[in-house]
Amino acid sequence: MAEGRLAAVPLVGLAPAGASAFRRFQAFVGPGYMVAVGYMDPGNWATDLEGGARYGYTLLSVILISNLMAVLLQSLSARLGIATGQDLAQACRLWLPPWLNGFLWFTCEIAIIACDLAEVIGTAVALQLLFGFPLLLGAFLSVGDVFLALLLMRWGFRLLEAFVMALLGIIALCFGIEVVMAHPALKALLHGFIPSPHILTDPGMLYLAIGIIGATVMPHNLYLHSALVKTRAYPRTLEGRREALRWAQLDSGFALTLALGVNAAILIVAAAAFHGTKYQNVAELSDAWKLLTPVLGFGMASTLFAVALLAAGTNSTVTGTLAGQIVMEGFLHISLPPWLRRLLTRGVAVLPVLLIIGLWGEGHVGSLLILSQVVLSLQLPFAVIPLVVFTSSRRKMGPFALSPFWVAMAWLVALTLVGLNGKLLYDALKGLL
């Protein structure tokens, strides 16, 4: 696998020659779900919850478009890792000038800290909802799940992937039940998947839309996926790489479809429960938890919400730990002890939570959560553009280079992200002047 500490992890073996296609595919199932974790972490909850409560089903189209972008970008990430044997961070170090490599590493670390911030808030809120812990105590306790992630990593990737997939199943089950009990209006729900021009003209809706994109297409996931696909013991030959890429794309396609369903379910529940009522300004996760049971008339609604939130925060910590190692080792060729590296970024992420709670109280952590997702979106081009450049190059990718059609599609996604971020910054600056 990747150089450094991750290289010591044994490769996952494949089914023997002559095995069925299903058994061959089974060996490749896992990395896509590890990546999908980032598409349903607590940051997604904040943007989906507020989007559904304030704007009904309108932003379902943004979730769908974001997911389609994610499928394409994660496919490129897997392609880079399998075709070149380098993850995205290693490729940046090898093929970019040192000053640019250093800048991209810095932006990626900011993205990881922003993601950590969402995990801290989500885990702290879940512990408060389930056990009554104060948010400050929950934020400190969230540091402990770092050691759970490191323990699982010691036991090998298959167990780690099984743990992650089990928690994803819990999240999907919880929100599947919530959607059924919410009784959403089917016609309005389906109409929400059609893009509306109001998203671009309404500053509040655009801000949330970009937050959804940032929460969905996470920058560090591109680095993570390009490394995780190399954990399989496929033959490093042309045909072996072709087969590995085919299964890896199928794996991530299924996993990201699950992520789409969960994100849509969160927004649908919020829209059905709160939009058009006196609660449509609900933005805090804790407020949603208090209101779900009385509004939906379903006794387990709030508990399911909190359990799924805790599962999402725990899962995100596992994948965030891996991503942090891959980024530092790949960009800088430096390998810190995993516990030290993770505690540093988690410690930086805890500070804004403590500051916000200390100065303004617990009622403002939801705004901080959404801000973290917008920061992620602003970092996206710095990961996406190098990925598109590398995978478009026949010199670097050989026969795995993108065809002209997919080059055009990849650049369309990259430029769309740049354009949306530019619009957000323009609106923010105009509001300040």
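1. Contact here means heavy atoms within 4.5 Å. With that in hand, C108, A111, I112 and C115 in helix 6 meet P219, H220 and Y223 in helix 13. Helices (H or I, at least four residues) and strands (E, at least two) are DSSP runs, numbered from the N terminus.

2. A word on the source: this is a predicted model, where local features need pLDDT of at least 70, side-chain atom pairs count only at pLDDT 80 or more, and totals for chains, interfaces and linings use all residues. Residues are numbered from 1 along each chain as its sequence is written, and side-chain values use heavy atoms, with hydrogens and water left out.

3. Back to that helix pair: the axes of helix 6 (residues 98-131) and helix 13 (residues 219-228) come within 8 Å and cross at roughly 105°. Axes are lines fitted to C-alpha atoms, for helices over the stretch in contact, with angles from 0 to 180 degrees between N-to-C directions. Helix 6 is therefore roughly perpendicular to helix 13 (65 to 115 degrees).

4. Looking at the whole protein chain, you will find 20 helices and zero strands. Residues 24 or more positions apart account for 84% of its contacts with a separation of 6 or more.

5. Of the 433 residues in the protein chain, 58% count as buried, meaning under 20% relative accessible area (1.4 Å probe, protein chains only).

6. One for your surface view: L151 sits in helix 8 (residues 145-154). L151 counts as partly exposed because its relative accessibility is 38%, between the buried limit and the exposed one of over 50%.

Technical notes: Angles under 35 degrees count as roughly parallel, over 145 as roughly antiparallel, 65 to 115 as roughly perpendicular and the rest as oblique.
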